[in-house]
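Dear colleague,

Please find below the sequence and structure that I am handing over to you. A short account of the findings follows.

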Amino acid sequence: MKNVDYIIVGCGLAGIAFCEQLRKFNKSFKVFDNNSQRSSSVAAGLYNPVILKRFTPAWFAKEQLALAMPHYNELEQLLKVKLNYPISVRRKFTSIKEQNNWAVASDKPILSEFIHSEILKNNNPEIDAPFGFGKVLHSGRIHTKTLVERYRDYLRNQDLFSKERLSPNHLKVTETDIHYKGDLKAKYIIFTEGFGAKANPFFEDLPIVGLKGEMLIIKAPKLKLDFIIKSSVFVVPMGEDLYWVGATYNREDKTESISEEGKTQLISKLKTVVNCDFEVREQVAGIRPTTKDRRPLVGASLLHKNVYMLNGMGTRGVMIAPYIAKQLFDHIELAHSLDSEIDLSRFKAFR
């Protein structure tokens, strides 16, 4: 029987971030992931410290960026691949009122380090932005698809990865140990399986809300965009005249299938931003694991204190994952209290 400190279920952004905590402190682990949850791989991978709908700072933005940037830089060194692409996000204004609101926000101490006070004029004839842009600082994107693929390869090479779907029915959990199929033993198991946690028997009654998003990859040779636009959609340069456009928000459909309705909606919104011709090269979909209070899901199962969840990052996984992974590691190994906003005990069923 193989003995490890941790079993990790899921190898998206949260799973990778927790594995990196384990590696730093020489903890042994085994990862299971059958690629059934795709939200980390199909996302644009943006990190952006500002909520651009309301001109307010994102939740714990400063603290999250302080952990996230070294985390992804270290992953670049480990995997020997470029992952972090710093690039400014520019919020397209639709009125003079929005310009004024941006100027007011930029004077607030809590936001001044994240947004540029100057209203930037639009100099690109292929973009429709008569009221200009507001510029976000300390923003960019992580190539999440490359990260997930290369990290899985790294784990395989270290014999730390299984493409098998881990079945809870084959787990035997005691107060001190976790056994899987009689040939793997661990002290703890961490479920980082995204929306797949909805069917996890260790976390029944947890209010996970699946929010489906569809995205397009377009080719637009005339656009020549060197920043990210946030308007009714995000338009994100991917190189070689390719752009990520997204995303839709669908609370009813819980499948990862693409739809003509989603494509039509995205194209319609994109045409309010760009004037040039474009070609749709690809359409993808994923289900974001979210909660009604828009906070992550971190903590132990009521049934077993050595069974944990690390989940619920919504649309900001790139920034949130390293932060909550450290929180959970410190909680388990150092007996630190979890932030009350992410602790599962905030829900009545888990108190």
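How do the residues of the lining of the second largest pocket divide into nonpolar, polar and charged? In this predicted model, 10 of them are nonpolar, seven are charged and four are polar. The pocket in question holds about 470 Å³ of space. Its lining consists of 21 residues, and Ser41, Val42, His143, Lys145 and Glu282 are those nearest its centre. Two or more lining residues come from each of α2 (39-42), β10 (140-142), α6 (144-157), β18 (242-246) and β19 (279-290). Helix α6 contributes the most, with five residues.

Beyond its neighbours within four places in sequence, Leu155 is in contact with Cys11, Phe29, Val31, Leu160 and Phe161.

One further residue deserves a note. Ser139 sits in the loop between β9 (133-136) and β10. Ser139 counts as buried because its relative accessibility is 6%, where the cut-off for buried is under 20%. Its side chain reaches the backbone oxygen of Ile87 at 2.9 Å, and a polar atom of that side chain lies 3.5 Å from the backbone oxygen of Val136. Leaving out residues up to four places away in sequence, Ser139 touches Tyr47, Asn48, Pro86, Ile87, Ser88 and Val89.

With kind regards

Technical notes:
Residues are numbered from 1 along each chain as its sequence is written. This is a predicted model: local features need pLDDT of at least 70, side-chain atom pairs count only at pLDDT 80 or more; totals for chains, interfaces and linings use all residues. Side-chain values use heavy atoms; hydrogens and water are left out. On a 1 Å grid over the protein atoms alone, a cavity is a set of points where a 1.4 Å probe fits but cannot get out, and a pocket is an open set with protein on both sides within 12 Å along at least five of seven lines; lining residues have an atom within 4 Å of a point. Grid points are joined across faces, edges and corners, and a volume is the space filled by probe spheres set on the points. Helices (H or I, at least four residues) and strands (E, at least two) are DSSP runs, numbered from the N terminus. Ala, Val, Leu, Ile, Met, Phe, Trp, Tyr, Cys and Pro count as nonpolar, Asp, Glu, Lys and Arg as charged, and the others, Gly among them, as polar. Contact means heavy atoms within 4.5 Å. Buried means under 20% relative accessible area, exposed over 50%, partly exposed in between (1.4 Å probe, protein chains only). A polar contact is a pair of N or O atoms within 3.5 Å; within protein, one must be able to donate a hydrogen and the other to accept it, and residues adjacent in sequence count only if both atoms are side-chain atoms.
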